[in-house]
Amino acid sequence: MNFLIFIVVVVILFILLAISCANIVPQENAFVLERFGRYRTTWDAGIHFKVPFVDHVRRRVLLKEQVADFAPQPVITKDNVTMQIDSVVYFKVMNPHDYAYGVENPIMAMENLTATTLRNIIGDMELDQTLTSREAINSQMLQTIDLATDPWGIKVTRVELKNIQPPTAIRESMEKQMKAEREKRAAILTAEGQKQAMILEAEGKKESAVLNAEAEKQATILAAEAEKQATILAAEAEREKEIKEAEGRAEAIRSIQNATADGIRAVKEAGADDAVIRLKSLEAFTAAADGKSTKIIIPSEIQGLAGLAKGITESIKDKE
């Protein structure tokens, strides 16, 4: 019975010892193992067993990318302006062995290295250049710190200047300068706007005047064309009137001549003598005058006939 209890106790102790010797390494972690105080191996993720009282886990190393946010550091620029700058460093442990044995306190060492590098870089720049050259400063710091931390098994992936705080007097001066610049830009923009407005207004007036001139020109042209057309039509009407009147007079003359010719022809057919013919001619001249002419030129032959007619008339009156 006692032997059985002894066996059970031994088994329990063995199990407890096995459990205490077993180590589970999480993902993205590494354990640095020492045997009798000397480096033996590095455990990666998984389950591992160590020899009791012989092996010892020297350091548990996180392999994920880490962020080290350092406190603000006082730095002096080239033009003797003291400012506070705090930086942020992103890094990964690439070699757990070097990380465990390269330096006593890697984070503190990296902080001091960052502060020293920052002072060296800012010391070669003036204030204005410092405030406008963050990318250049970040690039120089990354290159310098990454190179210096290689023996420590650290890979610096990124360095950022988190905040730059100039002295209070400098900040007030910068704020005044920025305010003056903003007011200047506002005044320039206002002047530009007024200039553009005046230009647009002048162009609008010019275009309006041009359009009015074109309209007046077109109206004048149309009025002249209308007047010309009216004059042409009036002239054509007057010409047509004169043509009609001339045609009427010619027709009247032709009618009179035809009537006269018919009368003479009838007289000849009736056997009238020269005296009768001359008398008919006188009547024709009398009809042609129509009482409107004040002076009539009568041929000599008709004049003699007129005298004959007067003598006959007087003799007839004497007989009566």
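Q: How many bridges join strand β2 to β3?
A: This is a predicted model. In it, β2 covers residues 29-35 and runs antiparallel to β3. The number of bridges that join the two strands is five.

Q: Which residue in β3 is the bridge partner of glutamate 34?
A: Strands β2 and β3 run antiparallel. For glutamate 34, the bridge partner in β3 is tyrosine 39.

Q: Which strands stand at the edges of the open sheet of three strands?
A: The order in this open sheet is β3-β2-β5, with antiparallel pairing. Two of its strands have a single partner each, so one side of each is left without a neighbour in the sheet. Direction ignored, neighbouring strands are turned by 25° against each other on average. The edge strands are β3 (38-43) and β5 (55-62).

Q: What span does helix α5 reach from its first C-alpha to its last?
A: Helix α5 takes in residues 134-149, which is 16 residues. At 1.5 Å a residue, 22 Å is expected, and the span in the model is close to that. From first C-alpha to last, α5 reaches 22 Å.

Q: Why are the buried residues of α5 on the same side of the helix?
A: The buried residues are Ile137, Asn138, Met141, Ile145, Asp146 and Thr149. They lie on the same side of α5 because the arc they cover around the axis is only 145°.

Q: Which exposed residues does the face of α5 turned away from its buried side carry?
A: The buried side of α5 is covered by elements including α3 (106-122), α4 (127-132) and β9 (154-165). The face turned away from that side carries Gln143 and Leu147.

Q: Which element gives the most residues to the largest nonpolar core?
A: This core has 31 residues, of which Ile85, Met110, Leu118, Ile137 and Met141 touch the most other members. Two or more residues come from each of β8 (82-93), α2 (96-101), α3, α5 and β9. With six residues, the element that gives the most is α3.

Q: Which residues does methionine 141 touch, not counting residues up to four places away in sequence?
A: Methionine 141 is buried in α5 and is one of the residues that touch the most other members of the largest nonpolar core. Leaving out residues up to four places away in sequence, methionine 141 touches Thr114, Thr117, Leu118, Ile121, Asp146, Val159 and Leu161.

How values were computed
Residues numbered from 1 in each chain as written. Predicted model: local features only at pLDDT ≥ 70, side-chain atom pairs only at ≥ 80, totals over all residues. Heavy atoms only, no water. Helix = DSSP H or I, 4+ residues; strand = E, 2+ residues; numbered from the N terminus. Expected span 1.5 Å × (residues − 1). Buried < 20%, exposed > 50% of the residue type's maximum accessible area, 1.4 Å probe, protein only. Arc of directions from axis to C-beta. Contact = heavy atoms within 4.5 Å. Pairing = 2+ DSSP bridges. Axes fitted to C-alpha atoms, helices over the stretch in contact; angles between N-to-C directions. Core = buried A, V, L, I, M, F, W, Y, C linked by side-chain atoms within 4.5 Å.
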